[in-house]
Amino acid sequence: MAAIELTTENFEKEVLLSDVPVLVDFWAEWCGPCRMLSPVVHEIGKSADGFKVGTVNVDDEDELAERFGISSIPCLIVFKNGREAKRSVGVIPKDAVLDLVKNA
């Protein structure tokens, strides 16, 4: 499954009410580190097993960014049972992203 583009309209259904953990990448097009992490997130999304992957463009979805206290990007948050379980700010390697989800 590819990464889901998350918006204020679908965030509750896709993330907060999800029956599996969800890795959410908060990013922006102008952000260089975000452009480095984005391919990793999308690659993980294609082979995600037992969890979902979503992305939030903070420029388009500033309400979501504010709601979850996003002050630095890229920011990865793992949501489990509708709540934040783990958070990582900055570029991290693929293995570290997978560990973030596994250890949430």
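Residues are numbered from 1 along each chain as its sequence is written, and side-chain values use heavy atoms, with hydrogens and water left out. Local features in this predicted model need pLDDT of at least 70, side-chain atom pairs count only at pLDDT 80 or more, and totals for chains, interfaces and linings use all residues.

Helices (H or I, at least four residues) and strands (E, at least two) are DSSP runs, numbered from the N terminus. Two strands are taken to pair if DSSP finds at least two bridges between them. Five strands form an open sheet with mixed pairing, in the order β1-β3-β2-β4-β5. The edges are held by β1 (4–5) and β5 (83–89), each with a single partner strand, so one side of each is left without a neighbour in the sheet. Strands of a sheet pair through backbone hydrogen bonds, either parallel or antiparallel. The antiparallel sense applies to β2 (residues 22–27) and β4 (residues 75–80), which pair over five bridges; here D25 stands opposite L76 in β4.

Helix α2 (residues 32–47) touches β2, β3 (52–57) and β4, and its direction makes about 150° with that of β3. Helix α4 (residues 94–102) touches β2, β4 and β5, and its direction makes about 25° with that of β4. For these angles, axes are lines fitted to C-alpha atoms, for helices over the stretch in contact, and the values run from 0 to 180 degrees between N-to-C directions.

Strand β3 pairs with β1 in the parallel sense over two bridges, and I4 has G54 as its bridge partner in β3. Strands β2 and β3 are likewise parallel, over six bridges, with N57 of β3 as the bridge partner of W27. Together, β2, α2 and β3 make a right-handed β-α-β unit (with the strands pointing away from the viewer, the path from the first strand over the helix to the second runs clockwise).

T55 has a relative accessible area of 9%. Not counting residues up to four places away in sequence, T55 touches A3, I4, E5, L6, D25, W27, V41 and H42.

Rings of Phe, Tyr and Trp (its six-membered ring) were paired if their centres lie within 6.5 Å; planes under 30 degrees apart count as stacked, over 60 as edge-to-face and the rest as tilted. The count comes to four aromatic pairs. One of them, between F11 and F79, is edge-to-face, at 5.7 Å centre to centre and 85° between the planes. F11 lies in helix α1 (residues 11–16) and F79 in strand β4, 68 residues apart; both F11 and F79 are buried. The pair of F26 and F68 is tilted, at 6.3 Å centre to centre and 50° between the planes. F26 belongs to strand β2 and F68 to the loop between α3 (62–67) and β4, 42 residues apart, and F26 and F68 are both buried. Ring pairs link F11, F26, F68 and F79 into a cluster.

Terms used. Contact means heavy atoms within 4.5 Å. Buried means under 20% relative accessible area, exposed over 50%, partly exposed in between (1.4 Å probe, protein chains only).
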